[in-house]
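Hi,

Here is the structure I promised to pass along. Have a look, and my notes follow below.

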Amino acid sequence: MAETQAQTIATILQTLAGIYLSGGLMFAIAFVTRGVGTVDAAARGASWGFRLLILPGVAALWPVMLTRWGRAKPGAAGERQS
Amino acid sequence: MSAIYRAVQWNRHKRVYDGLLALGVVGFIAAFFVVSKLTWTGDHAIADEVLILRGVGVAALVLLHIILCIGPLARLDPRFAPLLYNRRHLGVTMFLLALVHGLLSIGYYHGFGVVSPIQSLLTANTRFGSLHAFPFELLGLAALAILFLMAATSHDFWLANLGPRAWKSLHMLVYPAYGLLVMHVALGAMQSERSVLYPLLLGAGVVIVSTLHLVAGSRSHAPRHEVHRPGGDWIDLGDLSDLPDGRARRVTLRGAERIAVFRHGDRVSALSDLCAHQHGPLSEGRIIDGCVTCPWHGYQYVPRNGQSPPPFTQRIATYRVRVDAGRVWVHPNALPPGADVEPAVMPGSDAPAPPR
């Protein structure tokens, strides 16, 4: 009984994590390709090495970066927090 | 500190640092493997795959101890400061080692069953009430998740876009991760090893890390110059001759606000003691190329206005300062970040004295 419960919990956790990270990866690809320069002016013209480097973090923290991208105005310099 | 982000701002110092790091990691794992092969022989021999995954795991844990010690060591002795500059490279390397250890372990111990390795990892052992048979792998998995988040955000892009407070809070999770890893080892590998060497080594690591933090913490809270003055009065820092050229004295006000008073040539300027980057103690830095230089990561500020030299845009608060009868005085009211303040001029200088 306990084992079945553990398996059910594990399956749910795996599924939720899979959905979160899959969505995060898709968002991250779009973000590093198009959105990063809108959010942060210092990322405009940045190399693909930099974009690939931040991709895992964007995939993991995609709700935060999605919010920042949504608030950033296209073409305007992204406001740097100090 | 580049105007456009780069993946890594390579310089000679970083290449040497990373080269030594790579040699150290490879050398450690190789030595662990060789010593283990020589120690455990015959009936006690351990499979090569297990030795490799253990070696990688131990290397990650040792590296984590080193990383945790660098911060307090740099506070206690400035000679350790160069280790602090590239600590993020150590952190990312440590995460990669932990990841390899995790993947090898999951593959070796959970990879040949009827369920998926992750499913097996999460469900094979649910004896949370047992100390001897505790599912220690889950502790390692939780620590790995934290280390991943830290490694993935180890770039100035994240510092700028999460904000210093959120970024610092995220990276302070290294301490819970450390606790999880200590328990991962204590409830895991140490349960099957009889030798007293393992608990001794692990215990020594915990004691060293804890002691260094306590000592560094007690010293950093002891201000160099504590002042008890009502708001608005000029603060007497003491004799000008006590202020070395290119260095600072720190003033700590009531409420813990800190001011760094720097002497640069025949001028004296005062600015916030907190670096805009990660709040490093500027008063522990020095003047390099005419700029106050943070001892932690090299961020710089022009002394008279607290602004980073172009094209960088960091700004910190400045304070009014004067030299009177050979003594240095600073006003405790902070001016806006980047505000220009005429430096105080030392007596005998050819430059005109600033107005009061």
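A polar contact here is a pair of N or O atoms within 3.5 Å; within protein, one must be able to donate a hydrogen and the other to accept it, and residues adjacent in sequence count only if both atoms are side-chain atoms. With that in mind, the backbone oxygen of A:Ala46 lies 3.1 Å from a polar atom of the A:Arg51 side chain.

Some housekeeping: this is a predicted model, where local features need pLDDT of at least 70, side-chain atom pairs count only at pLDDT 80 or more, and totals for chains, interfaces and linings use all residues. Residues are numbered from 1 along each chain as its sequence is written, chains are lettered from A and ligands numbered from 1 in the order written, and side-chain values use heavy atoms, leaving out hydrogens and water.

Back to A:Arg51, which sits in helix H2 (residues 48–60) of chain A.

Now chain B. Most residues other than glycine have a negative phi. B:Asp289, though, has a positive phi near 55°, and so does B:Ala325, also near 55°. B:Asp289 is in the loop between strands S5 (286–288) and S6 (291–293), and is exposed (over 50%) at 74% relative accessible area. B:Ala325 is in the loop between strands S9 (321–324) and S10 (327–330), exposed at 75%. Helices (H or I, at least four residues) and strands (E, at least two) are DSSP runs, numbered from the N terminus.

Cheers

How values were computed: Buried means under 20% relative accessible area, exposed over 50%, partly exposed in between (1.4 Å probe, protein chains only).
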